[in-house]
Amino acid sequence: MMEINMIKKYLLKYGTAMLLFLLPLIVSKSIMTVVCSIAGYFIIAGALNSINGYSGQMCFGIAGFYCVGAYTMAILMNTFHISFWIALLPSGIMAAFAGMLVALPTLKLRGMFMAMLTIGFSEVMRMICLNWTSVTGGTMGIKGIKAPLFFGIKTSGASRYYYIYLVTALLFIFCTNRVIHSRIGRAWMAIREDDMAARSLGVSINLYKILNFMYGAFWAGIAGALLAPYKTYIDSSYFTLDEGFNILSMVIIGGQGTLAGPMVGVVIYQLLVEGLRFTGVWRYIGCAVLIIAMMWLRPQGMVGDSDSVLAGNKTVRTGSNLLSNLHWKTPGPIRKLIISVLY
Amino acid sequence: MTSAYFISQLMNGLCLGAIYALIALGVAVIIGIVGFATFTQGEVVMMGAYISFYVFLYGGNHVIPGILGSFIATWVLGMIIYKICYARFLDAPEHISLICTIGFSMLLKNIALIFFGADKKPMLNVIKSINYHFGPITVSNVQLLILGTVLILVLILSFVFTKTDWGIRLKAVSQNREAAALIGIDVEKTAMIGNSIGCALAGAAGTLIGIYYQSCYPTMGATLSMKAFTSATLGGLTSVPFAALGGILIGIIENIGIAFSSASFRDMFSFGFLILMLIFKPTGFARKRSVRA
């Protein structure tokens, strides 16, 4: 019995991987642009999830880090003529640095204060990019960012650039999976469930909160850095507060605090936006209603952790609750499927 | 920079600050009484502006019906917001209702885009602009109208809060929800009234902004709720007088800042103020014990 299960699992896992790699050969180019945007949003939503979902901090200004990453990439490539592959890491590190700058003052803040501070930061970042004309091009943005060459092969166009997105997304899943199952990830979850209990058990809250912000910001920066050559043109309108709220709602719909959550959320959100395209502007109403309905029916999201503060349970300060929450409870059918594909 | 320009900027700042103060008052009342933050405030302002636009369009350019219309309509909107975003989540962690208000603000914005159109609607000549000169100070009657309206609304609010039965109930709920429930106050209904008052103030502010800028458009509320929140942080979010002071301060800081730099930096000053405020004094300057920061 075990054998069959293993075979099934491997078939599912490698079958999905094969399907993902062969996707550009199967489907048309217009679908590939949707798939590319799903992959791009998945990275940034996952980055936001690692801040909001795992350590329970309320970062509403993820667009700021996104912006930092994208502009760093664009400036490094266009002004300094540095290759995409070399510029990728500095873009992420730059965003992580911005994350540290945000994390330091937010250490003593919680709840809506933190949400507001991160929103303020995000808007300030966008306004710097909008007004610092000599470096960022101001309202004109940065044009003509070339898609990178991969051993002489051009990667422009959705069906080729898709592979860059795919590999980065897989890398993101791998890294995050390792991190959240390590001491660091458990510390984040302990802080989310009850920071006072975590502190009294010897978790250095400040260190882990800063690390958490830097980790999330790093991947947000990478997502931004990938966006710049894909769109070949960026300006500050890509990084508005509304964009941040869109990303947030993807995470919320999918479920915070799980790796599969943002993926499900992004797919649902993007399919909704693309699928309802014939309804014109009404599709955004659909998204808004979906967010509210989600909060009413399942505040933890589609595949979110059901027994955590994210699901609307108030923490009972007894300790046993804290410990039990650190383990993953039996996942539902959708989570089970996704987990079996992922790991 | 001439002193006349400086004084006119100060006057503009005071005027805009009075409107911010009105929105910030609403935010402070909502956070104080309902106990949750709101992201819909900017969209409520936008709705108020549109409603008064239609009142002016069909009912002629009379200021008082316009303000009353948007006041009443946003009061009802406040009840809807309470039912959708807060009523179920009074005991839940605050991020749930916060996200609910984000969803609702997206809903309102897109409804406005669909039903009112994406283009700017002009609100021309609601009152004929006349300038008065007092020595070096030049004041237009629009500015006087705004300052007067804000002052009257604030006086009514403080009267309601100190002298009426409703106001005492509202205060009791904002001070201690459980104790208020124990002495027989209907907490949910009171919280709904508090939310409606906050929204209605924002709606009236929307009318004033429409008259001041002579236009209204669906995205006009985008940064307003942040500015209102910034103003409210001065008093630790729940203090009403400090929120009003904060609003006026933000308005003046913005306009003086523009006078020294360029208009594209307008929002930078208020967000900079917000960040500095939250870093150095997140609990605000009000004496009262406030929400845990």
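**A hairpin in chain B**

Analyst: Happy to! In chain B, β2(B) and β3(B) make a hairpin with two residues between them. G135(B), which sits in the turn, has a positive phi of about 60 degrees. Keep in mind that this is a predicted model.

User: Thanks! In which sense do β2 and β3 of chain B pair, and over how many bridges?

Analyst: They pair in the antiparallel sense, over four bridges. Strand β2 of chain B covers residues 131–134, and strand β3 of chain B covers residues 137–140.

User: And which residue stands opposite H133(B)?

Analyst: That's T138(B), in β3(B).

User: Zooming out, how many helices and strands are there in chain B?

Analyst: Chain B has eleven helices and four strands.

User: Why does the radius of gyration of chain B agree with a compact globule?

Analyst: Because a compact globule with 293 residues would have a radius of gyration near 19 Å, and chain B has 19 Å. Along the principal axes, the C-alpha atoms of chain B fill a box of roughly 60 × 45 × 35 Å. As for burial, 52% of the 293 residues of chain B count as buried.

User: New topic: how many residues does the contact take from chain A and from chain B?

Analyst: There are 37 residues from chain A and 35 residues from chain B.

User: Which element gives the most to the side of chain A that touches chain B?

Analyst: That would be α5(A), with 13 residues. By class, that side of chain A has 28 nonpolar, five polar and four charged residues.

Note on methods
Residues numbered from 1 in each chain as written. Chains lettered and ligands numbered in written order. Predicted model: local features only at pLDDT ≥ 70, side-chain atom pairs only at ≥ 80, totals over all residues. Pairing = 2+ DSSP bridges. Contact = placed C-beta atoms within 7 Å. Nonpolar A, V, L, I, M, F, W, Y, C, P; charged D, E, K, R; others polar. Rg over C-alpha atoms; globule rule 2.2 N^0.38 Å. Buried ≥ 20, exposed ≤ 12 C-beta atoms within 10 Å, placed from the backbone.
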